[in-house]
Each structure stands twice: as structure tokens, then as C-alpha cells.
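Here is a brisk tour of a complex. Start with the view below, then read on for its helices, domains and confidence.

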Amino acid sequence: MKIILVDDEKKFVNMLAKRLSLRKLNADVAYSGEEAVEKAARIPYDLAVLDLKMPGISGFALKRKLLEMLPEIKLIFVTGHGAIDKNGNHDHSDDIFLAKPLNIDTLIKTIHQTIHPDKQ
Amino acid sequence: MNQHTIDLVNKQGLQFFGSVNASISHELKNIFAIISETAGFLNDLTQLSKQGKQLELSVLENCCNSISEEIERGFDTIRRMNQFAHSVDDPVRETSILDTLTLAVKLTGFLSFAKKTHLNETSVDTTVFTSPFLLQALTYKTLGALYKTLNAGDELTLIPTFGGPDPSGVTLVFSHGQPADLTDFPDPLTAEVADALKAVFKKTKTGLELFIPRTNDYLAAALADRQPVQKSI
């Protein structure tokens, strides 16, 4: 399973990658939407964990770009905001959101459920 | 306080407070997220150690340093939050320009679309007699609007000019060295705040200038009969 974690909080995303690695889930990291797009052009990721609010390309804009490049990619959004503002946009009604601070077990469970929804 | 000013403070003030509080809480959540993941990682290492894996001291040291840095970042954020909360203590007072700008740069730095801003602090500070809260709101909104016109990686310079050609006020020069699309700036609400402060925007080829009068008799008179608020701690 190829995973990419995208967040401009470098320490957060690096630490998350280390913790996933200890649980046998290897993940690349990108510190911006732009860097994620560059990496996705080279690597066919199965899943992306995206921060919602980032400088430059936002999480929602990155979702659109990644889906254009990798139509099968699954997405999980992570947000530090208390309430998730989907701006009434129903394109996001099926998206998965997790709040910061994350619970690693919840994240891993969500990753597996997202990749293998039929195994629930 | 006349009705117009009350409406302005209520409408703009609540919106501004909400916006700043949202960005501060977002910043704090990011800090807690880093501390939480680092603590979780330390716990992971502890569990591995119990299973016989040797711990690397440098890894533990890096984790401790990271947590310390994030706690300091959190304290700094809370200091700014407290400073911002005190901006409503006095409806009008002598207000430090450099303190106001330093706080505005810091608070707007929490916005996801923020750009790096260099505040020129070489000038001797001066004060203006105005509403500290509305001045904070105006400089915050101006920086926020300019950030939206800039490209990723662009930087902004903010130069307060005291004792310039017009000694009746202070001119704040926001510059980023290239033309910016400020067609929709100031928006109606920002223009309303500027009007209450008798502040004047002037668009330039490389950004904009904001003139703040040293005194504001209209605002002082409007706020004169307002009961003092209980000061926050």
C-alpha cells in the first residue's frame, strides 16, 4: 500500500510517518500541496492523508488535482479546525475527516477501512 | 457612543474576534498535535524497549527538544492571544504603532495563506490616540488582503513612517516590490473601520499606504460616554 501524508506542519507529518512505520505502514511525506502533486506524478499512491488548510494548494484543491492524476486514490482529510466547513459543497459529503490531534489507532483503522471497505 | 459606532464595533468586532480566535485555535491544535504525536512516539519506543529493543538516546533527546520547542511556541501564541484580548480594555487610548503592527503580523501569520512579512522596527515607536481594537482590526485586515494578492513565496515589507511629510499622523507603507491586484480592497466592512478611525488608504505601484491620524476627536467623542469594561487578566 502506497501512502502519502501531506501537511505543512513538518514535525507533525514526520512524526506521524515514523509512528506508521513502526506499525508496518510506510508512508511518504510532503510539506505542501505542490510537493504532493510532484510526488504523485512519479508514484501511484493508493491513499493520501491531507491537511485541510495549507499555504498554496489547499486540501480540497489538492484532492481535485490528485484525483485527476490518480482516479483510484483514496483520501482522508485531517484538520485542526473545530468545525469542518464544507462550504455547502456536496462534493465533500463523502469525504473522511479526522480531527487533530490524531489518535494513531483511529487513523490506522480508518486507513484500512478506506482501502478495504468490503472487509468491514 | 453613537449608534453607528456601536453597530460597527458589534458587527466588525465580533467577526474580527471570531476570525482571530479561529486562527489561534488552529495554531494551538497544530502545536498539540505535534506534542501528542511526539509523546505517542516516545510511548512506542518505550513499548519496544520493553520488548528488548535498545533505545537511542539521541532519538529521545530530539523528541524532548521538539516538545520543548512546541511548548515555547504555544506560550508565545497564548501571549499574543492575551495581548489581543487586552486590545478591548480601553475604547480609546494612546496606542503604540509598533506594538499594534507586531501583533498584527504575528496574528495574521496564523492564517493558512499568510506570507512572510518583514516589519521595519528601526524607527523610534510612536503612539496615536485611537481605538486600539479597531486599529488592530484594520492592520490585520489589510495584511490579510495583501497576502491574498501575493504568490506563494512572495514577501511583504511593512514600514511605519513617523514624522514624515504629514506630521499629523503616521503612514504605514505595505510594499512587496511589484504591482498587486487590490481592485476589491478595501472591502465595505474594512472601509467602514478605516472611516471610523479617519484612516486613509492610498494604493501605490508596489502595494499600499495607510495613513493613521495622531488623534481622532470624532472617535474619542463617540466613545467618551461608554462605560469602561472590566479588564481581562
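Helices (H or I, at least four residues) and strands (E, at least two) are DSSP runs, numbered from the N terminus. With that naming, Pro101(A) sits in the loop between β5 (96-99) and α4 (104-115) of chain A. A cis peptide bond links Lys100(A) to Pro101(A), with omega at about -5°.

This is a predicted model, in which local features need pLDDT of at least 70 and side-chain atom pairs count only at pLDDT 80 or more, while totals for chains, interfaces and linings use all residues. Residues are numbered from 1 along each chain as its sequence is written, and chains are lettered from A and ligands numbered from 1 in the order in which they are written.

**Confidence**

The predictor gives the complex an ipTM of 0.88 and a pTM of 0.85. pLDDT is the predictor's confidence in each residue, from 0 to 100. Chain A has a mean pLDDT of 89, and 88% of its residues reach 70 or more. For chain B the mean is 87, with 89% of residues at 70 or more. Among the elements of chain B, α2(B) has the highest mean pLDDT, 96. The lowest, 72, belongs to helix α6 (residues 217-223) of chain B.

One stretch of chain A calls for care. Over residues 85-90 of chain A, pLDDT stays under 50. The model has 1 contact beyond four places in sequence for that stretch. Where pLDDT is low, the predicted coordinates should not be read in detail.

**Where the chains meet**

Two residues are in contact if their C-beta atoms, placed from the backbone, lie within 7 Å. Chain A gives 19 residues to the contact between the chains, and chain B gives 17. On the side of chain A that touches chain B, helix α1 (residues 10-22) of chain A has the largest share, 7 residues. By class, this side of chain A has 9 nonpolar, 4 polar and 6 charged residues. Here Ala, Val, Leu, Ile, Met, Phe, Trp, Tyr, Cys and Pro count as nonpolar, Asp, Glu, Lys and Arg as charged, and the others, Gly among them, as polar.

**Domains of chain B**

Chain B is divided into domain 1 (3-86) and domain 2 (90-221). These bounds come from an automatic or database domain assignment. The domain centres, taken over C-alpha atoms, are 28 Å apart. In the contact, 13 residues of domain 1 of chain B meet 11 residues of domain 2 of chain B. On the domain 1 side, α1 (3-50) and α2 of chain B are the elements that give two or more residues. α1(B) gives the most, with 10 residues. The residues of that side divide into 5 nonpolar, 6 polar and 2 charged.

**Helix pairs**

Axes are lines fitted to C-alpha atoms, for helices over the stretch in contact, and angles run from 0 to 180 degrees between N-to-C directions.

| Helix pair | Angle | Axes |
|---|---|---|
| α2 (33-42) and α3 (59-69) of chain A | about 10° | 10 Å apart |
| α2 (57-85) and α3 (97-108) of chain B | roughly 125° | within 11 Å |
| α4 (132-149) and α5 (188-197) of chain B | about 140° | 10 Å apart |

Angles under 35 degrees count as roughly parallel, over 145 as roughly antiparallel, 65 to 115 as roughly perpendicular and the rest as oblique. α2(A) and α3(A) are therefore roughly parallel to each other. Their contact includes Val37(A) of α2(A) and Leu66(A) of α3(A). By class, its residues divide into 8 nonpolar, 1 polar and 1 charged.

In chain B, Arg80(B), Gln83(B) and Phe84(B) of α2(B) meet Leu103(B), Lys106(B) and Leu107(B) of α3(B). This contact has 3 nonpolar, 1 polar and 2 charged residues.

Next come α4(B) and α5(B). Residues in their contact include Leu134(B) and Leu138(B) of α4(B), and Val193(B) and Leu197(B) of α5(B). The classes here are 8 nonpolar, 1 polar and 1 charged.

**Backbone details**

Chain B also has a cis peptide bond, from Phe185(B) to Pro186(B), with omega near -5°. Pro186(B) lies in the loop between β5 (169-175) and α5 of chain B. Back in chain A, Lys24(A) is a residue other than glycine with a positive phi, near 65°. Lys24(A) is in the loop between α1 and β2 (27-30) of chain A.
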